[in-house]
Amino acid sequence: MFLDDSFRKWARIREFVPPFGIKGQDNLIKAILSVTKEYRLTPALDSLRCRRCIIVGNGGVLANKSLGSRIDDYDIVVRLNSAPVKGFEKDVGSKTTLRITYPEGAMQRPEQYERDSLFVLAGFKWQDFKWLKYIVYKERVSASDGFWKSVATRVPKEPPEIRILNPYFIQEAAFTLIGLPFNNGLMGRGNIPTLGSVAVTMALHGCDEVAVAGFGYDMSTPNAPLHYYETVRMSAIKEFPTTLVQSLAAVPVQAPNLQNPLRGLWTPLDHPLAPLLPGGPSPLAAWLLQPDPSPTTFTKSSGHMSFFLISQKRFLC
C-alpha cells in the first residue's frame with residue numbers, strides 16, 4: 001500500500017512525475033522514509049487472515065443513517081482529508097485506521113486528529129512531498145511553496161505513524177478503474193481521480209473485503225447536506241460534479257486487467273455475473289448503483305451510496 005525503501009525499483013512509478021509517479025522526488029522521499037522507517041500497516045492488521053476494509057466518504061448521505069457501529073465493525077476504516085469524527089460517531093463511527101489526505105486537505109487543528117491512526121499522504125504534486133518532509137522533520141512549513149490554499153503546519157503524529165501512499169494506486173484509479181485520459185502521464189486535462197476513488201483502488205489491492213460508505217451526491221434533494229459534517233446544502237452546487245459513482249457508471253471494470261495482482265478473488269456479491277468470474281467482467285457501477293437493495297446493502301438514499309459492500313474475497317471472509 002505504501003512506499004518503502006525499495007521505491008526506486010518500481011518501474012511503473014519511476015518514470016512518471018506526481019501524481020502518477022515519483023520522478024524527481026527521490027531525495028525527498030528517501031529523506032522522509034529514513035525517519036518514518038515504517039512501511040506497512042500495524043503488525044496486528046498485517047497478520048489478519050481476512051482483512052475487512054471500509055472507505056468512508058464525506059457525503060451527506062451518511063447524515064442520520066446511524067451506520068457508525070457497522071462502520072466500526074471493519075478491521076480497517078479509511079477516512080479522507082479533514083472529515084471529522086468527533087460529534088458524528090453515531091453516523092460515521094469512531095474508529096479510524098488510516099486517514100488519507102494531501103496538504104490542502106489535511107486537518108489544520110492538531111486536536112482534531114485521532115489517536116492510534118496512520119497519517120497517509122497522497123502526493124498529487126511535488127510540493128506535497130516537500131510539505132511532508134517539513135512535517136516529519138518538524139520544520140517550519142513555508143507558505144510560499146505554491147499551495148492553492150492554507151495547509152496544516154503541524155500534524156500530531158510521530159514519524160512511525162506516517163506513510164506515503166504508493167502513487168501506483170493513483171495511476172490505477174485514473175486510468176484503469178475510471179478510464180480518465182492518459183495525457184502522456186502528466187497531470188491535467190481532467191485526468192486527476194478523486195481521493196475517494198484512489199482509496200477504493202488501494203483497498204481493492206490490499207483488502208479481502210471492501211465496503212464503501214458516504215459516496216455520491218443526490219441532486220434530487222436540494223435541502224440535504226452536501227457533507228455529513230456541515231450545513232451547506234445540495235442546492236449550493238448547480239450541476240453534478242465528477243464523482244466516483246459517475247465515473248464508474250460509465251466505465252465497466254475488468255478486475256483481472258489491474259496490473260498489480262489483486263489480493264484475492266473479487267466478486268460483486270449477489271450480482272448475476274458473479275458466477276462468471278474470474279476472467280469475466282466485474283462492473284463496479286452495476287453493483288454500486290443497482291436499483292434494488294441486496295443482502296449486502298444496509299441503507300440507500302435515492303440510488304446513492306450510504307453503505308455498500310462492493311467486493312469480497314471468496315473462501316476467506
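The protein has 317 residues, of which 55% count as buried. Its secondary structure consists of 10 helices and 9 strands. Among contacts between residues at least 6 apart in sequence, 63% join residues at least 24 apart.

The confidence of the prediction was examined next. The mean pLDDT of the protein is 77, and a value of 70 or more is reached by 74% of the residues. Over residues 239-305, by contrast, pLDDT stays under 50. For this stretch the model has 143 contacts beyond four places in sequence.

Helix α7, which spans residues 168-178, is mostly covered, with 9 of its 11 residues buried. The buried residues of α7 are Tyr168, Phe169, Ile170, Gln171, Glu172, Ala173, Ala174, Leu177 and Ile178. After the helix comes Gly179, which has a positive phi, near 85 degrees.

Helix α7 packs with helix α8, which comprises residues 195-206. The two axes are 8 Å apart and form an angle of about 100 degrees. Because angles of 65 to 115 degrees count as roughly perpendicular, α7 is described as roughly perpendicular to α8. From α7, the residues that take part in the contact are Tyr168, Phe169, Ile170, Glu172, Ala173, Leu177 and Ile178. On the side of α8, they meet Ser197, Val198, Thr201, Met202 and His205. Several of the α7 residues at this contact, including Tyr168, Phe169 and Leu177, are buried.

Charged side chains were then considered. Side chains of opposite charge can pair when their charged atoms come close. The structure holds 11 salt bridges. In one of them, the side chains of Lys125 and Asp128 meet at 2.7 Å, N to O. Both Lys125 and Asp128 are buried.

Another salt bridge links Asp46 with Arg40, and the closest N and O atoms of this pair are 3.1 Å apart. Asp46 has a relative accessibility of 23% and therefore counts as partly exposed, whereas Arg40, at 54%, counts as exposed. A further salt bridge brings together the side chains of Glu139 and Lys133, at 3.7 Å, N to O. Glu139 has a relative accessible area of 34% and is partly exposed. Lys133, with a relative accessibility of 22%, also counts as partly exposed. Elsewhere, salt bridges with shared partners join Arg40, Asp46 and Arg51 into one network.

When neighbours within four places in sequence are left aside, Ala224 is in contact with Val232, Arg233 and Met234. Along the chain, Ala224 and Val61 are 163 residues apart.

Conventions. Residues numbered from 1 in each chain as written. Predicted model: local features only at pLDDT ≥ 70, side-chain atom pairs only at ≥ 80, totals over all residues. Heavy atoms only, no water. pLDDT = per-residue confidence, 0-100. Contact = heavy atoms within 4.5 Å. Salt bridge = Lys/Arg side-chain N within 4 Å of Asp/Glu carboxyl O. Buried < 20%, exposed > 50% of the residue type's maximum accessible area, 1.4 Å probe, protein only. Helix = DSSP H or I, 4+ residues; strand = E, 2+ residues; numbered from the N terminus. Axes fitted to C-alpha atoms, helices over the stretch in contact; angles between N-to-C directions. Parallel < 35°, antiparallel > 145°, perpendicular 65-115°, else oblique.
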